[in-house]
Amino acid sequence: MINLYGIELSKLEEVMINEGQKKYRATQLYSWIYQKKATSFDEMSDISLSFRETLKEKYCLTIPKIHTRQLSTDGTIKLLVEMEDGMKVETVLMRYSYGCVACVSSQVGCAMGCSFCASGLLGKKRNLLPEEMVGQILCLNNELEKEKQGQRVTHVVLMGTGEPFDNYDNVMDFIRIINNQHGLSIGARHITVSTCGISEGIRRYAREGLQTNLAISLHAPNDEIRNKLMNINHLYPLSSIMEAVREYISIAHRRVTYEYLLIQDVNDSFECAQQLVDLVGDTEGYVNLIPYNETHLADYKRSSNNRIHAFGGYLEQHGLNVTIRKEFGSDIDAACGQLKAKAEGKMQ
């Protein structure tokens, strides 16, 4: 069975033509499943009964099952969702003043092996399909509907488990589905892809013609520290990443965000702040400082608030645009991979 949630509109138009239907049937189906929120082909009253039977024979509308649900006192929702093959991934909803942000996973596990991340310790099992990424948003929207406050997911960040550019084609289809005005209609500038620095992925992404955002999981200002934190740096050192970033900026004409996890006595020194200015200062990007979310699976400590603000203050004094990420879900398994690890009995 082919899951309609995984087919972006232009491809669905081709599918409908091959089914002997008019091209507009694809838009009609999108309207039913995304705008009218139909979960059954029987609900699609303006589609002929005979074609509805054809749809039921060949296609499905399946979203992941919720295995575990956690709700934080700050309103953050974290779900462990189960795919049809039994594989599980995490997805998170965070509430800001400007809207509801979904943090979406792109893979089951992760092959990047970052030493600070619980997801990498679980290893990569497989890529997620577009419908499995779309399904995460639909699950979160269903949770919001239960609250009856008229909220829905308005922003998406591909910052959950997995490396998006290691699952490139499926991620691009996912983005086009949720961005389409007949789909989930999430604005391009409300969608962010975060990569640990796969240079050819950054270059390819620059040529997609999308107005979405790019974030680089930097986490270190030099190769020596980054090699210890992120195995991928041995393959894609900082010089390679920054060359690709500059190419992205020149082609896409979009500013880049640098994600920088602050870990006590590892990458939070005054010297590191100086080196970070030298590394990214001429790219006019944003630096998002992230207080480390401690996990029993990694022996790192969160930088103190004083150190975090001093680090950010130095960057601002030297012309960088800096934000300090608000911490969500501190009373639940907030870090990527923690909930899944607990469910699989890998956390003590």
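Biologist: What is the accessible surface of the protein chain, and what percentage of it belongs to carbon and sulfur atoms?

Modeller: The accessible surface is about 15,400 Å², and carbon and sulfur atoms hold 47% of it; such areas come from the Shrake-Rupley method with a 1.4 Å probe, and for residues only the protein chains shown count as cover. This is a predicted model, in which local features need pLDDT of at least 70 and side-chain atom pairs count only at pLDDT 80 or more, while totals for chains, interfaces and linings use all residues. Residues are numbered from 1 along each chain as its sequence is written, and side-chain values use heavy atoms, with hydrogens and water left out.

Biologist: What makes strand β12 largely enclosed by the rest of the structure?

Modeller: Buried means under 20% relative accessible area (1.4 Å probe, protein chains only). Six of the seven residues of β12 (residues 256-262) are buried, therefore the strand is largely enclosed.

Biologist: How do you know that β12 pairs with strand β11 (residues 213-217) and with strand β13 (residues 286-291)?

Modeller: Two strands pair if DSSP finds at least two bridges between them. Four bridges join β11 to β12 in parallel, and six join β12 to β13, also in parallel. Alanine 215 stands opposite threonine 257 in β12, and tyrosine 258 stands opposite valine 287 in β13.

Conventions
Buried means under 20% relative accessible area, exposed over 50%, partly exposed in between (1.4 Å probe, protein chains only). Helices (H or I, at least four residues) and strands (E, at least two) are DSSP runs, numbered from the N terminus.
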